[in-house]
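Please open the structure in your viewer and keep the selection panel at hand. The tour goes from one selection to the next and says what is there at each stop.

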Amino acid sequence: MVEMVARPYERAFEKHALENPDVLCLSADLTSSCEIDKFRDKHPDQFLSLGMAEQNMLSFAGGLGLAGYRPFLHTFGVFLYRRPYDQLMASIAYPRRKVRLMGFLPGITTPGGMTHQAIEDISVMRSIPNMTILETGDATEVESICEAADSIDGPVYCRVLRGNVPRLFDTPIEVGKMRELSLGEDILIVTSGITTEEALRAKSALESAGISIRHLHLNTIKPFDEEAMLDHIHSVKGGVITLENHVTEGGIGSLLAEIIADNGVGKKLVRLGLKDTYAHGGSRPYLMNYYGLDAIALVKGVERLTGQVLNISEEDLTSARVEAVHSTVKAEGL
Amino acid sequence: MQNRKSTEDVAFGIRRRVFEHSMRNNGGYLSQACSAAEQLAWLYNEELNLGEPTLPMIPKPFGGVPSAQNKEYHTGAGYNGPAEPDYDRLFIAPAHYALVAYATLIEVGRMAPEGLEMFNKDGSSVEMIGAEHSPGMEVHNGTLGIGLSTAAGLAWGRKRRGEKGNVWVYMSDGEVQEGQTWEAIQACAHHKIDNVKAIMDVNRQQCDGAMNSVMEVGDIAQKMENFGAKVVKVDGHKLDEMRDAAKTSHRGKPLIILANSSPFRGMPSLQLRFPRLHYVRFKSERERAEMNKDIARSLGIEPIDYQKH
């Protein structure tokens with residue numbers, strides 16, 4: 001069974017912040033929710049509480065950046081860009097401040113409903129000049145997100161997982177480098193964040209059904225190296241499927257669509273994710289199933305892409321959970 | 001820098017330059033020059049501790065926006081001198097006061113008069129709404145309400161580094177309609193950020209007209225005190241009152257000087273344009289000619305020969 005890691009961000013942030021005195025920990029009244037409450041208690045001189053006032057926090061962070069600090073802003077992802085969008089633009093993105101926007105509870109990983117679910121954050125951030133976007137998909141990526149984010153010469157938005165997080169990978173994030181999880185020849189599956197685990201769940205069932213999968217995991221969404229992706233697109237006989245914890249407009253589905261269209265590649269693309277809809281509040285497995293973000297949704301997407309009926313049931317997928325990654329598949333060995 | 005002129009002369013020069021510019025260009029931010037002239041003159045000529053300018057007296061053309069590729073990018077802060085620990089910093093929060101701020105830079109010898117000729121010209125860095133790269137600017141403040149927050153962050157950081165310089169913000173009263181202004185004051189108070197100092201031009205005007213007709217804001221001083229600032233009210237045209245206000249003790253709190261001012265000061269004929277004072281564009285050649293004559297007389301100068309331009 002896959003290893004589950006408890007609160008990987010908590011330890012990773014403390015280690016990184018203590019090694020880097022110009023790193024500051026900012027919070028907007030969601031300190032324990034973002035796993036920085038112990039840091040606040042142990043290292044109060046490196047912690048700044050800015051309260052429920054995100055507009056001020058973002059401009060304030062811009063000022064800290066001007067003073068040469070590298071503030072890490074902790075709150076739910078949605079609160080980092082919806083209300084304070086103007087401040088994000090003027091005080092952080094335009095002047096390329098080294099502000100690290102740590103967005104917790106990406107997409108439908110929260111039962112908080114529309115107000116708490118960052119479902120269009122990647123779309124928004126992709127359209128902001130100077131912005132870098134990273135997304136974590138497992139415990140190892142959460143453990144390495146602080147160092148990866150802090151290596152960026154400019155602002156960076158990170159989708160961070162919290163709580164119990166599965167360990168899928170053995171190596172830290174290398175900014176700009178996608179993970180090649182399998183190198184089959186029939187179809188290309190591109191995932192990021194929590195949808196990677198779903199694709200891994202579907203993989204052996206799909207292969208048993210005779211579909212050879214090429215699976216890529218993205219932790220760097222912007223900037224993006226399209227040459228490497230083009231090679232993978234050309235390497236499969238069939239089309240491409242994206243599965244994202246995000247609306248299908250402006251995220252990695254759109255990213256693939258742009259690469260395919262810009263390069264005149266005549267391949268079909270199936271974009272899975274939230275289809276022009278808000279979500280509501282509920283548990284993560286329920287929401288992933290309800291909105292078609294899970295392994296069975298991916299199987300159906302493969303059927304749509306290939307025109308084949310695969311006769312794979314939800315039970316087939318559950319039994320195939322993530323063992324495949326670490327043991328037989330050796331994701332990092334590829 | 002050595003004071004080459006009296007602060008009164010600098011204030012007069014600000015009004016004169018903005019008036020000349022507005023006549024030649026058939027419009028401009030005249031009322032802001034009227035209300036702000038003494039305040040900006042006092043800041044630059046007396047209060048601010050600034051080093052020598054580090055950028056050319058004649059501003060360089062627009063050099064591109066910040067990007068990973070634009071290695072030569074710099075802001076316009078160099079007109080206020082280098083960012084060294086003991087020096088003050090200044091943000092002009094209402095970036096539409098840029099014309100008045102540029103006139104001030106010229107009057108205190110930090111920019112050449114040619115700089116104002118580049119105002120709002122395509123390809124120029126001397127932009128109509130002061131941008132980061134415009135002379136005397138260090139951050140974008142074109143959306144009102146973000147200046148004080150940015151200053152608070154910079155000030156907190158400078159204090160942590162042991163720097164002695166203050167962070168000054170030039171504010172406008174319309175900004176108190178923005179919620180962020182109050183978020184910034186409470187954050188300064190909570191974190192005891194007392195190396196932030198602000199002077200607010202309380203001229204009671206905003207884009208649509210008189211503030212009390214657009215959105216009544218009540219007792220600004222009382223509200224700011226309640227949010228945790230040290231507030232001093234002065235006559236925004238009396239230099240001695242500003243000088244005294246700046247000496248006010250404000251340990252553990254930001255200092256905000258509310259400078260009550262008149263948007264017609266020095267140009268009484270602008271009253272004919274009330275309540276549309278935000279940007280004065282003359283409606284006819286006749287109005288332009290009359291304003292030219294009347295304002296010149298008020299300022300004690302010859303009318304501008306704008307036909308030459």
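How many helices and strands does the secondary structure of chain B come to? Select chain B, and you have ten helices and nine strands before you, where helices (H or I, at least four residues) and strands (E, at least two) are DSSP runs, numbered from the N terminus. Before going further, note that this is a predicted model, in which local features need pLDDT of at least 70 and side-chain atom pairs count only at pLDDT 80 or more, while totals for chains, interfaces and linings use all residues. Residues are numbered from 1 along each chain as its sequence is written, and chains are lettered from A and ligands numbered from 1 in the order in which they are written.

**Chain B as a whole**

Of the 309 residues of chain B, 53% count as buried, a residue being buried if 20 or more other C-beta atoms lie within 10 Å of its own, exposed if 12 or fewer, and partly exposed in between, with C-beta atoms placed from the backbone.

**The sheet of chain B**

Next, select strands E2, E3, E4, E8 and E7 of chain B, which form an open sheet in the order E2-E3-E4-E8-E7 with parallel pairing; two strands pair if DSSP finds at least two bridges between them. Strand E2 (89-92) and strand E7 (230-235) of chain B are the edges, and each has a single partner strand, so one side of each is left without a neighbour in the sheet. From one strand to the next the twist averages 20°, with axes being lines fitted to C-alpha atoms, for helices over the stretch in contact, and angles running from 0 to 180 degrees between N-to-C directions.

To look at one pairing, zoom in on E7(B) and strand E8 (residues 255-260) of chain B, which run parallel and are joined by six bridges. Here B:Lys230 has B:Leu255 in E8(B) as its bridge partner.

**Where chain B meets chain A**

Show both chains together: 23 residues of chain B are in contact with 25 residues of chain A, contact meaning that the C-beta atoms of two residues, placed from the backbone, lie within 7 Å. On the side of chain B that touches chain A, the elements giving two or more residues are H5 and helix H6 (179-190) of chain B, and H5(B) gives the most, with nine residues.

**The two domains of chain A**

Select chain A and colour domain 1 (4-166) and domain 2 (179-333) separately; these bounds come from an automatic or database domain assignment. The C-alpha centres of the two domains lie 27 Å apart, and 25 residues of domain 1 of chain A are in contact with 30 residues of domain 2 of chain A.

**The mixed sheet of chain A**

Move on to the open sheet of five strands in chain A, whose order is E9-E11-E10-E13-E14 and whose pairing is mixed. Strand E9 (179-183) and strand E14 (269-274) of chain A are at the edges, and the twist averages 15° from one strand to the next. Four bridges join E9(A) to strand E11 (residues 213-218) of chain A in an antiparallel pair, where A:Leu183 stands opposite A:Arg214.

**A last stop at A:Leu298**

Finally, centre the view on A:Leu298, in helix H11 (residues 295-306) of chain A. Is A:Leu298 buried or exposed? A:Leu298 counts as buried, because 28 C-beta neighbours lie inside 10 Å. Leaving out residues up to four places away in sequence, A:Leu298 touches several residues, including A:Glu198, A:Ile241 and A:Leu272.
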